[in-house]
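Morning, everyone. Please look at the structure on the screen, and I will walk you through a few parts of it.

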Amino acid sequence: MMRKVFTTVLMAVTVSALALSGCAKKEDTKPGSSAAPAASTSAAPSNNSGKDFKIGMVTDIGGVNDKSFNQSAWEGLKALEKQTGAKVKNLESKSDADYTPNLNQFVKDNYNLTWGIGFLMGDALKTVATQNPNAKLAIIDNVVEAPNVESVTFSEQEGSYLVGVVAGLTTKTNKIGFVGGVEIPVIKRFEAGFVAGVKAVNPAAKVTINYTGAFDKPDAGKAAAATIYNDGADIIFPAAGSTGNGVFNEAKDRTKSGKKVWVIGVDKDQSLEFGDEVTLTSMLKRVDEAVARVSKDVIDNKFQGGKVVVLGLKDNGVGLPETSKKNVSADILKKVDEYKAKIISGEIKVPEKP
């Protein structure tokens, strides 16, 4: 039922954009396709249905321009703003001490919905929700049990399994890396799915795991990548917010010096930011669409406080972008489609923990 609600409202958010860009390709949405739907950030011109609504978003310490998770959420709100006329605003948290004050600022300013973006926001959002039972709040990547909070999580392990298949079939050295941010459940799902996907198609491959302990330290990501590449790895998958940007920076430096290495993007199609020369593919996590959907529910008086939504491959909540075709062979993408179908059918149960 939740998937039906998600799909129905998402169509309302994106239908005009699809009309302008032409009919969506069949492979974008059919169950056997490796590709997730195209981004919906080019929403239709405002219909003013939300002109009297205010929606706020508080980021974790990664910042709104992390080129990944937080940025995707903000793009979802900006798309909604164009489509409905709603007023949207973000507040960046510089440390965890900012979470509660930032959330409270939107609540005290009578925003119709206040978002906490990221697992780390869970405790603060729970506190604010309890103290303000009439306020509507929502969170991505964590579950907050409160009647005035809607929680949205993703099956990151499923999409990560698919990019693991790509990595396992692409590597020439049989050495692959994973760079994580903070060791929290959501990032462990990325790790578990990725390693399982690699091992499913290439049992001989070695996957090196490195956690930096931060989502906002590109230099730490660059150093971690250097160590892994120096050990012979030719592909790294970071799930670390803006820390992962450092992995791309290291790969670009090496590519300039003539050494071919790859990075697998996360959350967004990061080839659009970092280029096809280093981006093998990306594990899309449709935070933008989830944020737009729940926010639109508030405008339509359909907010589902107390609900938990889990989005996976069957919901097109995770997947690979169409740009994967640039660097991933047709044979490998066909294999990805085969594994995707098996995951959706339940034949393969992807682990959530390493």
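This is a predicted model: local features need pLDDT of at least 70, side-chain atom pairs count only at pLDDT 80 or more; totals for chains, interfaces and linings use all residues.

Residues are numbered from 1 along each chain as its sequence is written, and side-chain values use heavy atoms, with hydrogens and water left out.

Now the strands around that pair. Strand E4 (residues 137-140) runs parallel to E5, over four bridges. Strands here are DSSP runs (E, at least two residues), helices are runs of H or I with at least four, and both are numbered from the N terminus. Two strands pair if DSSP finds at least two bridges between them. E5 also pairs with strand E11 (residues 308-311), again parallel, over four bridges. There, Val152 has Val309 as its bridge partner.

Is E5 buried or exposed? Six of its six residues, 149-154, are buried. Buried means under 20% relative accessible area, with a 1.4 Å probe and protein chains only. Val149, Ser151 and Thr153 are buried on one side, and Glu150, Val152 and Phe154 on the other.

Next, the open sheet. Six strands, mixed pairing, in the order E7-E6-E8-E9-E10-E12. E7 (206-211) and E12 (318-319) are the edge strands, each pairing on one side only. Strand E6 (residues 175-180) runs parallel to E7, with six bridges. Within that pairing, Val179 stands opposite Asn210. Helix H6 (residues 185-201) packs on this sheet, touching E6, E7, E8, E9 and E10. Contact means heavy atoms within 4.5 Å. The direction of H6 makes about 170 degrees with that of E7. Those directions run N to C along lines fitted to C-alpha atoms, for helices over the stretch in contact, with angles from 0 to 180 degrees.

A cavity is a set of points on a 1 Å grid, over the protein atoms alone, where a 1.4 Å probe fits but cannot get out; lining residues have an atom within 4 Å of a point. Points are joined across faces, edges and corners, and volume is the space filled by probe spheres set on them. The largest cavity holds about 190 Å³. Its lining has 22 residues, with Phe69, Asp141, Ile187, Phe215 and Gly241 nearest its centre. Which element gives the most to that lining? H6, with three residues.

Note on methods: On a 1 Å grid over the protein atoms alone, a cavity is a set of points where a 1.4 Å probe fits but cannot get out, and a pocket is an open set with protein on both sides within 12 Å along at least five of seven lines; lining residues have an atom within 4 Å of a point. Buried means under 20% relative accessible area, exposed over 50%, partly exposed in between (1.4 Å probe, protein chains only).
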